[in-house]
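This report covers local backbone and packing features. Have the coordinates open while you read.

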There are 2 protein chains.
Amino acid sequence: MVGDVTVDFQPEGKNAQLPVGSTIAEAAQQAKVGIRSECGGQGSCGKCRVLVRNPSAVGETTQAERSHLSQVELESGYRLACQTKIFRDVTIEIPPASRVESRKIQVLGLERKTELDPSLKKFHLMLPKPTLSDATPDLERLLECLPKESKTRRPLEIDYEILKELPTTLRKAHWNVAVVLWDDSRIIDVEPADKSPDFFGLAVDIGTSKIVGHLVNLTSGETVAIGSIENPQIVHGEDIITRIAFASTDDANLQTLQELLINGVNKVLREACTGAKVDPLRVYHVVGVGNTAMHHFFLGIKPKNVAVSPFTPAVKRQVDVSARTLRIETAPTGIITFLPNIAGLVGADAIADLLATGLCLSGERSLLIDMGTNTEVFVGNKEDVLCCSCASGPAFEGAHVTHGMRAVTGAIERVSISSGFDVEYKTIGGERPRGMCGSAMIDIVAEMLKRKIVNTRGKIDPAIETTRLCKRKGRGDTEFVVAWRDETATNKNITITQSDVGEIQLAKAAIEAGWTILLKQKEMQPQDLDRVFIAGAFGEYLNIENAKVIRLVPDVPANKVRFVGNAAVAGAKMALLSKDIREQAEDAANSVRYLELATDPDFNHEFTRALQFGTSGV
Amino acid sequence: MVGDVTVDFQPEGKNAQLPVGSTIAEAAQQAKVGIRSECGGQGSCGKCRVLVRNPSAVGETTQAERSHLSQVELESGYRLACQTKIFRDVTIEIPPASRVESRKIQVLGLERKTELDPSLKKFHLMLPKPTLSDATPDLERLLECLPKESKTRRPLEIDYEILKELPTTLRKAHWNVAVVLWDDSRIIDVEPADKSPDFFGLAVDIGTSKIVGHLVNLTSGETVAIGSIENPQIVHGEDIITRIAFASTDDANLQTLQELLINGVNKVLREACTGAKVDPLRVYHVVGVGNTAMHHFFLGIKPKNVAVSPFTPAVKRQVDVSARTLRIETAPTGIITFLPNIAGLVGADAIADLLATGLCLSGERSLLIDMGTNTEVFVGNKEDVLCCSCASGPAFEGAHVTHGMRAVTGAIERVSISSGFDVEYKTIGGERPRGMCGSAMIDIVAEMLKRKIVNTRGKIDPAIETTRLCKRKGRGDTEFVVAWRDETATNKNITITQSDVGEIQLAKAAIEAGWTILLKQKEMQPQDLDRVFIAGAFGEYLNIENAKVIRLVPDVPANKVRFVGNAAVAGAKMALLSKDIREQAEDAANSVRYLELATDPDFNHEFTRALQFGTSGV
């Protein structure tokens, strides 16, 4: 041997030096570039096809290559990595279908690994040209060249608009095309092969107040940009019930609300695509999550039955609709998936929580609380999961509380009260306080309990001697001053009133009754829990010890508690990246048992008990 | 027992008298009304559900019924026929899903029986209302009530537009609905159950000159009306090649030609529906056939490649498109199926021939010749079928022949010539002759051969002594008078000229070369054939003995020859009536081997030989 050659792998940007006469497969192994192979280098599976940029640098084709690659492919530089010996420096391109390395990736903060196996696949095909002796029709010619693995579910379909253009597309591309395949069953695009190999998906969380979208490169699994806007439906009501009432009065109103969401998602799509310099027409899959009302609005389904007893959604299972039909401005043949619902008040966003936490797959006995105006609670593990929805109301989001506000700049987020009734607090952004967000409310009530400013029934003790305690002017309502007016941005005292404590009591009682009843149903005690997940708006701000004091969460060691933040978009993204995860979503929707608290004989008792701050129901 | 009761079955209109205390199943048996049953009357399969119009006439429900029928169904009068005893005169309605008798029907003239098992099914469902303890979402509630047999292919899909309206539809119908299911896999309609149980399909043959549609009741299998119009594309050219050229110059032209066909099919649909007093929105399936060019025009696919070597269609397999997409005015969620093509010049109309004749399923070694401007020829049986397309030209349809015309009123259709050169002829409708159609041309040439007016090379012998033989004025072309001017409607002699004989020679030579080469390829002699099918415009008019004389068809005993007329619409109708037949169509498209005559080394030799009238190539 006359020395070493350098082998460059693109688009990985990796290389290897190794002796003249080594194979491309050996070079790939050294460069840690994954190339698919089922036969272990015997030349019999044909999976390791690569494109040699300078064909004169490699050896003659072998019999194995001539049987797996067409004449046209060979002439274009396609070779089998295991068969091809390298004699000079060479650059090798690995088509997406031959890559293996990028198939294990990590998603977001949560530790669940997702195998990159999206519902979309893209194949690069060199078709033999038709001749008089082989006049196979265009579609069948293309199908014959698709890898065998994508032929499992027959018959393979093709989008009608793509079929219509197929004769033109194939001939314009000189029979050298890329095929986008949906779910191993449907061809949704055929384009000249010289376009970028990358293709994209969008994971989108349609929240009542916000729409957040993550643009994902489905070739690499990477998130390349994020877009977000306020939910444009807000002009028709801040809360869901107002919007549902608006939609229920007139079909045109429903259409208006649907269009606002469609336009909103399109805006998020454009923002993310602009940010990542991606043509929106290269986005082929959108996975949406949201509560059941948002699900119905987005799909244009009347949401009324979700809001009135017995709270029946129109559909549980995942819905796939073409982008063209929904007027989402991805590739028109792209697929828009909305993950499944569990019940009227437990929607696809809760399914996304389950996906992100892996609760339904784990052996750990877990409690998941996703706090919001409706709080979803799940208890269980892979054996069995029970869930309910608690009408916790919007107190923790700032509504119905005198100085309540959302967790934005200027909100008090942490509070402690000393034994001498001095108050220390911390605001978001370190600015002068403008009000209190949910985590501060929990801190305040917990601290007031510890300092016995309120008793276990939630009554403020008027006998406490501190200047912070006073009667509200003209209302006869006792209040406790958290921040004096000379400290605040509003030049008014920020206080918590007796009725505010009552609102917080109601909210936490609804949630506590929920998890208490679920634990009872599962015949479990808090100490049986291996894991407690807290999802929702609080995020990391929640002081878990104080949450335990007011029994918003059960008494478990802090190291068992995990904050999962907004898990919805993480779950949607996982479903975008993996067909398995989409199936897990469907399995979860079917297997999770929904308990309607309104029909539970224990509910009234548990709720009344939980209004107290002191006693445990479990 | 106190005597007999009378049991009326609706909508069959049949009845039975039998002893008090007999079961509905026994009454049905006596009345020869087929009700489905898998358990033979044990009450365990639940298939024999019927609707009792006057429930007080029958006995108490049994345990078996309570387990198979919901409370709502029982209250509505649904019972199991095998379980229900009759005590008074009673009227029984058998829902479509419970019927069995009509499942064997006969289609048209051809003897193939088709089991009535259409791709569409309709189910009548009484859904339990949602409650707080059973808030199953609407779609899943409906799916749970669908008979098990339709759940085989999961996941069942639902048309998005139907899903959107589902909550409203179910509640308006008070949970009593009829569901239209496509191919056991897709819900394409949900409607109140009180609408008519019947639903319809349209079999349509899109010919180059005519569009013919048969409206079929898919509940009974009966053809209820026929509609037909001239192909409206004719304004853009009588023949296909002209239309393909027109479509190839501009995309807008292709769109024009597609719209003409769509409008044409809609017109045929309306005509048939008006005739049978059927709402077109109750038509859910259209099965179309036609040559490959019509297939492409109808689907809006550029047809150019069908017309130029190597004559490659865009697609072989069956294409299913929604009626909404194609703007066919059936139910918008209805499905439009175009049967598969075999090759550029062998289209879905030829597939329909195969379906109608059963050639691909029979053990009989058969020859099928579908004569037209392109003549398709098939040779084989269930083991293997070989086919080709022969460029026979339009001579037999009247074009390029001096006094040629289509087979319409006033056309000479039969001719014989005596040894004294007297001519006897018969016209269509018995009117004074205006010209000759294809069958007459075959008769004339055969008779002229027998009387040695022409020799085997096709030359008219100028030495024959008869006043019927003369030179055409100013052309130097010999002609033979078939009908004198005083007999004709045109006041001109109707003749056959030397060049007419040449045209007929060319046409028959193309066809003879086709079947000769196919027989050779199959190593068969004409006497090996068990059956010869003649399809196409000739119909019953063709004199088979004369066709054998000129070797348009091989020399087989007349009792082996069957005229199948226009088999295309018969085949389309069979595909409409039976899923199995649709699969047979797909199988035929995949298994029939297409032989491109242009590449066959024997073709030139065989064609030249077949230009002679006397010698056999087989």
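## Terms and model

A residue is buried if 20 or more other C-beta atoms lie within 10 Å of its own, exposed if 12 or fewer, and partly exposed in between, with C-beta atoms placed from the backbone. Helices (H or I, at least four residues) and strands (E, at least two) are DSSP runs, numbered from the N terminus.

The model is predicted: local features need pLDDT of at least 70, side-chain atom pairs count only at pLDDT 80 or more, and totals for chains, interfaces and linings use all residues. Residues are numbered from 1 along each chain as its sequence is written, while chains are lettered from A and ligands numbered from 1 in the order in which they are written.

## Helix α4 of chain B

Helix α4(B) spans residues 138–145. Its buried residues are Asp138(B), Leu139(B), Arg141(B), Leu142(B) and Leu143(B). They pack against β8 (120–126), β9 (157–158), α5 (160–172) and β10 (176–182) of chain B; contact requires C-beta atoms, placed from the backbone, within 7 Å.

## Cis peptide bonds

Ser309(A) and Pro310(A) are joined by a cis peptide bond, omega about 5°. Pro310(A) sits in the loop between α9 (304–307) and β16 (319–322) of chain A.

In chain B, a cis bond joins Ser309(B) and Pro310(B), with omega about 5°. The loop between α9 (304–307) and β16 (319–322) of chain B holds Pro310(B).

## Positive phi

Most residues other than glycine have a negative phi. Asn491(A) has a positive phi, near 60°. Its loop runs between β25 (478–483) and β26 (494–497) of chain A. Asn491(A) counts as exposed because it has 9 C-beta neighbours inside 10 Å.

Arg551(B) has a positive phi near 65°. Arg551(B) lies between α14 (544–549) and β28 (561–565) of chain B, in a loop. Arg551(B) is buried because 24 other C-beta atoms lie within 10 Å.

Methods: Contact = placed C-beta atoms within 7 Å.
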